[in-house]
Amino acid sequence: MTVAPRNRHDRFLELFPKEPAFRLRQIEKAYFTSSMTGWESVTTLSKDMRTVLEREIPWISCKAVTTLSSNRGDTHKVVLEGYDGQLYESVLMANMRNQWTICVSSQIGCAMGCTFCATGTMGLKRNLSSDEIADQYRFWRAFLTERPELPQRISNVVFMGMGEPLVNLENVKAAIHTWLQNTDLGPTRITVSTVGVLPVLEEILKDPLWPPVRIAISLHSPEEESRRKIVPTTAPHFHTRLAKWTHDYQEVHGNRRHHVTFEYTLISGVNDNAEEAKRLVQFVRKTSAVKVNVIPLNPVSGKAFTASSRQGIEDFKTVLLNAGINVTERKTMGQDIAAACGQLALTVKSGGKVVG
Ligand code: SAH
Ligand code: SF4
């Protein structure tokens with residue numbers, strides 16, 4: 001078995017134990033500076049140090065295997081290879097501001113087994129290291145720098161790629177702090193999407209180092225029994241505990257900018273009828289979540305589920321809107337390259353263009 005390399009900070013300190021602390025900050029900055037493309041370009045470091053670093057610490061923790069672009073050019077997906085040869089995916093999507101949102105992975109595969117999600121069928125291979133998570137931003141930064149004809153700004157990051165971020169908490173937290181310190185991303189431009197791992201949600205309320213990012217809870221059903229059929233990890237009393245958690249969260253962060261959103265993937269005949277919409281209204285009213293984001297189901301091969309019809313989606317949204325609940329619908333992007341939500345399972349679809 002390949003042993004996970006210690007993170008690059010620790011490795012640097014092993015190599016150069018006497019270096020002042022600012023040296024690490026200087027290196028972190030260099031990692032996130034577009035004009036720096038390798039150790040040789042960090043000329044603020046001595047030549048001798050650069051030679052050692054070149055040999056001992058890879059400039060970036062991942063290698064691109066395949067890069068695909070959707071036919072519309074608004075979504076790009078990369079298959080990356082980690083330190084042990086295992087593969088994971090990362091997605092770059094155009095957003096409404098004509099800027100980019102990165103959809104990052106936090107794990108290779110996922111142990112949660114949600115029945116409608118392609119990543120869930122892979123099982124969990126391993127956690128991504130903090131460097132592997134943080135470097136998905138650096139990969140896409142370099143991708144855009146090489147394509148000056150495209151908009152350049154990465155304005156948002158969402159943890160909606162492969163994996164469940166809350167079961168890789170320390171690495172997810174470290175990657176978020178790295179971005180907050182070294183990029184222009186503010187905490188409200190970063191969204192952690194979770195299946196709702198209650199003990200960890202409860203833990204982050206007490207964690208002074210948890211960054212004030214946005215949280216999206218994948219709800220998918222207003223009731224425990226029916227949720228468990230599609231989200232098998234649903235804990236006993238899930239909805240009651242989640243409702244309480246949203247109030248505690250509001251108390252700790254006390255600010256609408258740090259709001260909680262519910263995500264609700266609409267699956268035909270499973271969770272999309274008018275009764276369910278009404279029960280969802282009742283549940284949302286017991287919480288302090290400020291928004292429901294409905295996601296039309298993206299097809300996943302080998303799964304019997306189908307997306308709700310356009311009319312079905314509209315009807316569902318109307319019930320919520322009429323009850324005064326703020327509803328948004330996620331725009332489906334990148335289906336032709338299997339890059340849409342829930343489709344990340346290392347399949348390289350024939351649509352789109354291979355660009356690298
Ligand atoms: N594990 C986290 C984050 C990754 S999944 C979570 O579950 O929230 C990101 C989002 O994609 C989640 O809201 C998830 O429910 C949704 N999703 C999974 N499979 C999907 C599919 N086939 N179609 C649409 N959305 C899907
Ligand atoms: Fe894992 Fe999220 Fe997919 Fe569920 S939806 S299997 S938690 S990645």
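This is a predicted model: local features need pLDDT of at least 70, side-chain atom pairs count only at pLDDT 80 or more; totals for chains, interfaces and linings use all residues.
Residues are numbered from 1 along each chain as its sequence is written, chains are lettered from A and ligands numbered from 1 in the order in which they are written, and side-chain values use heavy atoms, with hydrogens and water left out.

The protein chain is divided into domain 1 (10-59) and domain 2 (60-349), with bounds that come from an automatic or database domain assignment. Their C-alpha centres lie 33 Å apart, and 7 residues of domain 1 are in contact with 11 residues of domain 2, where contact means heavy atoms within 4.5 Å.

A nonpolar core is here a set of buried Ala, Val, Leu, Ile, Met, Phe, Trp, Tyr and Cys residues joined through side-chain atoms within 4.5 Å; buried means under 20% relative accessible area, exposed over 50% and partly exposed in between, with a 1.4 Å probe and protein chains only. This core has 98 residues, and those with the most contacts inside it are Trp179 and Leu242. Helix α4 (residues 130-145) gives the most to the core, with 7 residues; helices (H or I, at least four residues) and strands (E, at least two) are DSSP runs, numbered from the N terminus. Beyond its neighbours within four places in sequence, Trp179 is in contact with Phe32, Val104, Ile133, Ala134, Tyr137, Val157, Phe159, Leu185 and Ile190.

Val172 sits in helix α5 (residues 169-182) and counts as buried because its relative accessible area is 0%. Apart from residues up to four places away in sequence, Val172 touches Ser106, Ile133, Phe159 and Pro165. Leu128, in the loop between β6 (124-127) and α4, is likewise buried, because its relative accessibility is 1%. The C-alpha atom of Leu128 is separated by 6.6 Å from that of Ile108, 20 residues apart along the chain, and Ile108 is among the residues that Leu128 touches, as are Tyr88, Ile133 and Asn168.

Turning to the ligand, 21 residues surround ligand 1, the closest being Phe116, Ser193, Ser218, His220 and Asn298; a residue is near a molecule if one of its heavy atoms lies within 4 Å of it. Polar contacts, pairs of N or O atoms within 3.5 Å, include one of 2.9 Å between a nitrogen atom of ligand 1 and a polar backbone atom of Phe116. An oxygen atom of ligand 1 lies 3.4 Å from a backbone N or O atom of Thr194, and an oxygen atom of the ligand is 3.1 Å from an N or O atom in the side chain of Glu263. Taken alone, ligand 1 exposes 530 Å², of which the protein buries 96%, with areas from the Shrake-Rupley method and a 1.4 Å probe. The elements that give two or more residues to the shell around ligand 1 are β8 (190-194), β10 (260-266) and β11 (291-296).

Glu263 is also one of the residues touched by Arg330, together with Met160, Asn293, Val294, Ile295, Pro296 and Cys341. Arg330 is found in the loop between β12 (327-329) and β13 (353-354), and counts as buried because its relative accessibility is 17%. The side chains of Arg330 and Asn293 are joined by a polar contact of 3.0 Å; within protein, such a pair needs one atom able to donate a hydrogen and the other to accept it, and residues adjacent in sequence count only if both atoms are side-chain atoms.
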